[in-house]
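Please look through the following structure with a few topics in mind: aromatic ring pairs, helix packing, a sheet, and some single residues. The briefing takes these up one after another.

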Amino acid sequence: MRDPYSILGVKRDARHEEIKAAWRTKAKTVHPDANRDDPDASARFAEIGQAYDLLKDPKKRDLYDQARKAAEKKQRGETIMQQREAAREAAERAKAAEKLMEELARADARNRAQTGQKTDAKAETAEDIVERIFGAEAQNDPKVQQAAEAAKAAASAAKSDGAGETAQPGAGDDRTAPTSLAANIFSALVRRFRTPQPAPEKAPDITAEATVTVADLLEHKWMTVSLADEREVRFQLEAGMTDGHVVRLKGQGLKLPNMARGDLAVTLLAARDDAFALRGFDIHTTLPISLGDAVLGCETKVRTPLGEENITIPAWSGSDRVLRLAGKGLADGKGGQGDLVIELRIVLLEKPDEKVTDLMRHMREGLYL
């Protein structure tokens, strides 16, 4: 999206009332119903709506302003650094080209002298020159080897030209080899030793929330998150995720000029109206039982997110009793599994029962039948 301030035609320090008024005016002007013959009216109307959605929210506006200032500051710094780097590289290329040509001339002079003396001394090759200038380790670099071959070819061409022409001042001097060739040779070499450029600065991350049920987490379902810029991002739930877990989606965040795209951080929130609650990777639920079942114990069924399970309630189980079904919770992402935790709740009959009432009265007053 383009700059929202430019889209609405307001200053960067505009107040909320000014932004709202500008949005209304623009929206009326470009509304598709008022521009039926304009095929781009819907797109421009949507763009105005996105710009207003961003600027009307103080948090989103502040985040955008901070990111824009950071991008502008970085761009100004990069421009100055690029100019300095270009000047430095130009000076290095010129100096290195001169040095390289001098070395080629000396090597050629030595080779000519050795040939004239008919000695068995081995002539210095272009590879030797490169090794002497840049070090032995440079010989293993393909780019350096290509540069050495180019230097060797240039020296050979210069010799041939000098031998086939009438002797003139400087006709056989390798100093007449094109300086641009030496500059190109050095450029190929210096790229090997240049320090890698740092990765571009990343734009600020944006946050979102996704409401999930316990069943969603157990079944590893796909979730969809709607963002303020009218994008929809989908991701799959995985083992190790639970209530409050933050899912980081790389490169799905804010997009700003000259900056790497930020991330999207989605916080998972367990549905509060669900029959189940999450505490870490354990799933908690409650099971209502009658007073008789609490005292005498029983076999019953308990509802779980993925169906029903048979359980045994021991005799004399009060409301402080907790039963666990091991391995029936969420996967923790490390090979383990949480539990299903069942909290018992004793409930009375819907209508008073005289026998139960008499029994409780006798027990309280110490009169046993």
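Tyr-52 is buried in this predicted model, because its relative accessible area of 8% falls under the 20% limit. Two aromatic pairs are counted in the model, and Tyr-52 belongs to one of them, together with Trp-23. A pair of aromatic rings is described by the distance of the centres and the angle of the planes.

**Aromatic pairs**

- Trp-23 is partly exposed, because its relative accessible area of 27% lies between the limits of 20% and 50%.

**Packing of helix 2 and helix 3**

- Two packed helices are described by the angle between their axes and the distance between the axes.
- The axes of helix 2 and helix 3 come within 10 Å and cross at roughly 170 degrees, which means that helix 2 is roughly antiparallel to helix 3, as the angle is over 145 degrees.
- On the side of helix 2, the residues that meet helix 3 include His-16, Ile-19, Trp-23 and Val-30, while helix 3 contributes residues including Ala-41, Phe-45, Ile-48 and Tyr-52.
- Sorted by class, the contact of helix 2 with helix 3 has nine nonpolar, two polar and four charged residues.

- Three strands form an open sheet in the order 1-5-4, and their pairing is mixed.
- Strand 1 (206-212) and strand 4 stand at the edges, and each has a single partner strand, so one side of each is left without a neighbour in the sheet.
- Neighbouring strands of this sheet are turned against each other by 25 degrees on average, with direction ignored.
- Strand 4 pairs with strand 5 (residues 264-270) in the antiparallel sense over four bridges, and Arg-248 stands opposite Ala-265 in strand 5.

- Where is Thr-242 found? Thr-242 is in the loop between strand 3 (232-236) and strand 4 (246-249), and this residue is buried, with a relative accessible area of 11%.
- Once its neighbours within four places in sequence are left aside, Thr-242 is in contact with Leu-217, Leu-268, Leu-278, Gly-280, Phe-281 and Leu-330.
- Is Glu-343 buried or exposed? Glu-343, which is found in strand 11 (residues 340-347), counts as buried, at 14% relative accessibility.
- The C-alpha atoms of Glu-343 and Arg-321 are separated by 6.5 Å, although the two residues are 22 residues apart along the chain.
- Leaving aside its neighbours within four places in sequence, Glu-343 has contacts that include Arg-279, His-284, Thr-286, Arg-321 and Val-322.

Note on methods:
Residues numbered from 1 in each chain as written. Predicted model: local features only at pLDDT ≥ 70, side-chain atom pairs only at ≥ 80, totals over all residues. Heavy atoms only, no water. Phe/Tyr/Trp six-rings, centres within 6.5 Å; stacked < 30°, edge-to-face > 60°. Buried < 20%, exposed > 50% of the residue type's maximum accessible area, 1.4 Å probe, protein only. Helix = DSSP H or I, 4+ residues; strand = E, 2+ residues; numbered from the N terminus. Contact = heavy atoms within 4.5 Å. Axes fitted to C-alpha atoms, helices over the stretch in contact; angles between N-to-C directions. Parallel < 35°, antiparallel > 145°, perpendicular 65-115°, else oblique. Nonpolar A, V, L, I, M, F, W, Y, C, P; charged D, E, K, R; others polar. Pairing = 2+ DSSP bridges.
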